[in-house]
Amino acid sequence: QLQLVESGGGLVQAGGSLTLSCAASRGTLEHYAIGWVRQAPGKEREGLSCVDSDDGGHFYADSVKGRFTISRDKATNTVSLQMNNLTPEETAVYYCAADYLVCSPNIAMMRETDEYDVWGPGTQVTVSS
């Protein structure tokens, strides 16, 4: 049974950058598409990005396209999300989540987050103004 854990969250100033990392605390990410989702207080979950298990497809929400970059590192069995030019409105808990093999169409188009099979506990990102 795959279990995920996020790291890299913290406090950053507006306009700054942060890199989040998703690792498997049990199992391996090898056969899973991995995505990033955030949830701000009082708001719905928002899909941000997803990468297929073979690293073939990289998908982004319009709100982060050009600022966020998702990448897989097979050597370390991790998936990272590089986030640049952050704004205070992006303060949220950031989760990584797994979908078997590929980012499903709804996930790839950022229409759904419920289709992810496995979730990490989340990491807090706070962007100060």
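I began with Arg 72, which I found in strand S7, residues 68-73; strands here are DSSP runs of E with at least two residues, numbered from the N terminus. I note that this is a predicted model, in which local features need pLDDT of at least 70 and side-chain atom pairs count only at pLDDT 80 or more, while totals for chains, interfaces and linings use all residues. Residues are numbered from 1 along each chain as its sequence is written, and side-chain values use heavy atoms, with hydrogens and water left out.

**Arg 72**

I looked up which charged partner Arg 72 has, and found that Arg 72 is buried yet has no salt bridge, the nearest side chain of opposite charge being Asp 55 at 5.4 Å. Buried means under 20% relative accessible area, exposed over 50% and partly exposed in between, with a 1.4 Å probe and protein chains only. A salt bridge needs a side-chain nitrogen of Lys or Arg within 4 Å of a carboxyl oxygen of Asp or Glu; Lys and Arg count as positive, Asp and Glu as negative, and His and the chain ends are not counted.

I then turned to backbone oxygens: that of Leu 29 lies 2.8 Å from a polar atom of the Arg 72 side chain, and that of Tyr 32 lies 2.9 Å from a polar atom of the Arg 72 side chain. Leaving aside neighbours within four places in sequence, I listed the contacts of Arg 72 (heavy atoms within 4.5 Å), which include Ile 34, Val 51, Asp 52, Thr 78 and Val 79.

**Aromatic pairs**

I counted three aromatic pairs, taking rings of Phe, Tyr and Trp (its six-membered ring) with centres within 6.5 Å, where planes under 30 degrees apart are stacked, over 60 edge-to-face and the rest tilted. Tyr 32 and Tyr 100 form an edge-to-face pair, 5.7 Å centre to centre with 80° between the planes. Because Tyr 32 lies in strand S4 (residues 32-39) and Tyr 100 in strand S9 (residues 92-100), this pair ties together parts 68 residues apart in sequence. Tyr 32 is partly exposed at 21% relative accessibility, and Tyr 100 is partly exposed at 48%.

**Cores**

I recorded a largest nonpolar core of 29 residues, where Leu 4, Ile 34, Trp 36, Leu 81 and Met 83 have the most contacts inside it; such a core is a set of buried Ala, Val, Leu, Ile, Met, Phe, Trp, Tyr and Cys residues joined through side-chain atoms within 4.5 Å. S9 gives the largest share of this core, four residues.

How values were computed:
A polar contact is a pair of N or O atoms within 3.5 Å; within protein, one must be able to donate a hydrogen and the other to accept it, and residues adjacent in sequence count only if both atoms are side-chain atoms.
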